[in-house]
Amino acid sequence: MQTQLPKDLLATETGQTADKILRSCVHCGFCLSACPTYGLLGDELDSPRGRIYLIKSVLEGNEVGSDTLSHLDRCLTCRSCETTCPSGVEYGHLLDIGREMAEEKSPRNPIQRLVRYSVRKSLTTPWFFNLVIKTMPFLRHSEAVQFSVDELTLKQKLQDQKEALKSSVLLISGCVQPALAPNINQSSIKVLNRLGLNVLETPQQQCCGAVDHHLSGNEDAKTKIKANIDAWIAYLDQGVQAIISNASGCGVMIKDYPHLMREDADYAEKAQRVAKHTFDIAEFLSTQDLSIFTHYKNQKVTFHSPCTLQHGQKLPGLVEDILRRLGYRISHVNDSHLCCGSAGTYSMFQPKLSKQLRSNKLDNLLESNPKIIVTANIGCLMHLQKGTKVPVKHWIELLYTDS
């Protein structure tokens, strides 16, 4: 794709990044069939190729149309197009740049800004979010798994020993997961403990920054990222083996820290180190001996692969392979590459499209009449559960049950 970006923009790291991504696009159109919103709406401006043209127009200094932000907002950032693209277009990074510049040129109205600000602050302020869940417990997905007294004693004993850090991993607790589905973190801890690992949890206020990043709060996102890097580097310096995320949405955000902090001389290298040591829990467990979790019930389960796992982190089929190794039968899911419609806060701001995508996804997931659906991201889990009575759980809970 030929570009004519202004010289002052090309002189910046952002401009050079955008120009390189734009030039890698060859207009082939393979991305259209992989795009959930194009599939529903049939409008090329609601496809990756169409949005790339809109972003190109914005970056070249043309007037931002009234519908430009609407088309960009309707993108789920599922990155399915990246998996399909034969040219390796880094669409997700280009979209971030395009959204920010389009919003600068055509600011949202005050009500929209207030709503987006309120949503991101509500979700990333633990005391407030926890209070909301406490007063409205019907929003919660599940209660916490309770450890036995012996397990708690052993965990505390390990934490009191300095040498235990060398056999420790740092678990990202998440900003909403501890309140909505505390059993996920508790199950993860139990499974990792059984493998001989001590687990240190990050505090709930150490949000990965994804909510701010995707809701026009870029400066707040970078503030959170810097605080996280400083805190987690300290653990790595003391010998912690890995940083583990059991929410694929958080994982892909953390792995993107090097890109987000590439222009910061103080944090660019640190971000690389944090990202290098960050693993989705499936990615980490795939390197471990999991024979103690093997079961022989030949139980059939249906797995929904989050976009942030298969497209964002490029780990397609990994959870399925682990579960097969452990003795589970994994049901085939048609169009498994398509988004369920959760996409972080997308379901709040694009409810109609989100519900359509969920309905389509559930039709495919329920085709095999599963007794349980498992996934790897809290957002997908909560979103899908609202549309079905079939239990939706995190796949790590299967291992905890069998342990």
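Biologist: How do the residues lining the second largest pocket divide into nonpolar, polar and charged?
Modeller: That lining has 10 nonpolar, 8 polar and 16 charged residues. Here Ala, Val, Leu, Ile, Met, Phe, Trp, Tyr, Cys and Pro count as nonpolar, Asp, Glu, Lys and Arg as charged, and the others, Gly among them, as polar. Keep in mind that this is a predicted model: local features need pLDDT of at least 70, side-chain atom pairs count only at pLDDT 80 or more, and totals for chains, interfaces and linings use all residues. Residues are numbered from 1 along each chain as its sequence is written, and side-chain values use heavy atoms, with hydrogens and water left out.

Biologist: What volume does the second largest pocket have?
Modeller: About 860 Å³. A pocket is an open set of points on a 1 Å grid over the protein atoms alone, with protein on both sides within 12 Å along at least five of seven lines, and lining residues have an atom within 4 Å of a point. Points are joined across faces, edges and corners, and the volume is the space filled by probe spheres set on them.

Biologist: And which residues are closest to its centre?
Modeller: Of the 34 lining residues, those are D96, E100, H213, N218 and K222.

Biologist: Which helix gives the most to that lining?
Modeller: Helix 8, with 8 residues. Helices are DSSP runs (H or I, at least four residues), numbered from the N terminus.

Biologist: Switching to K224, where is that one?
Modeller: K224 sits in helix 15. Its relative accessibility is 17%, so K224 counts as buried (under 20% relative accessible area; exposed is over 50% and partly exposed in between, with a 1.4 Å probe and protein chains only).

Biologist: What does its side chain make a polar contact with?
Modeller: The side chain of D212, at 2.8 Å. A polar contact is a pair of N or O atoms within 3.5 Å; within protein, one must be able to donate a hydrogen and the other to accept it, and residues adjacent in sequence count only if both atoms are side-chain atoms.

Biologist: Now cysteines. How many disulfides does a search of the whole structure find?
Modeller: It finds 0, taking a disulfide as a pair of cysteine sulfur atoms within 2.5 Å. For C208, the nearest cysteine sulfur belongs to C250 and is 4.0 Å away. C208 is buried, with a relative accessible area of 5%. As for C307, the sulfur of C339 is the nearest, 3.9 Å away, and C307 is buried at 9%.

Biologist: What about the second largest cavity's volume and lining?
Modeller: The second largest cavity has a volume of about 80 Å³. Residues lining it include C35, C75, C78 and C81. By class, its lining has 8 nonpolar, 2 polar and 2 charged residues.

Note on methods:
1 Å grid on protein atoms, 1.4 Å probe; cavity = no way out; pocket = protein on both sides within 12 Å on 5 of 7 lines; lining within 4 Å. Helix = DSSP H or I, 4+ residues; strand = E, 2+ residues; numbered from the N terminus.
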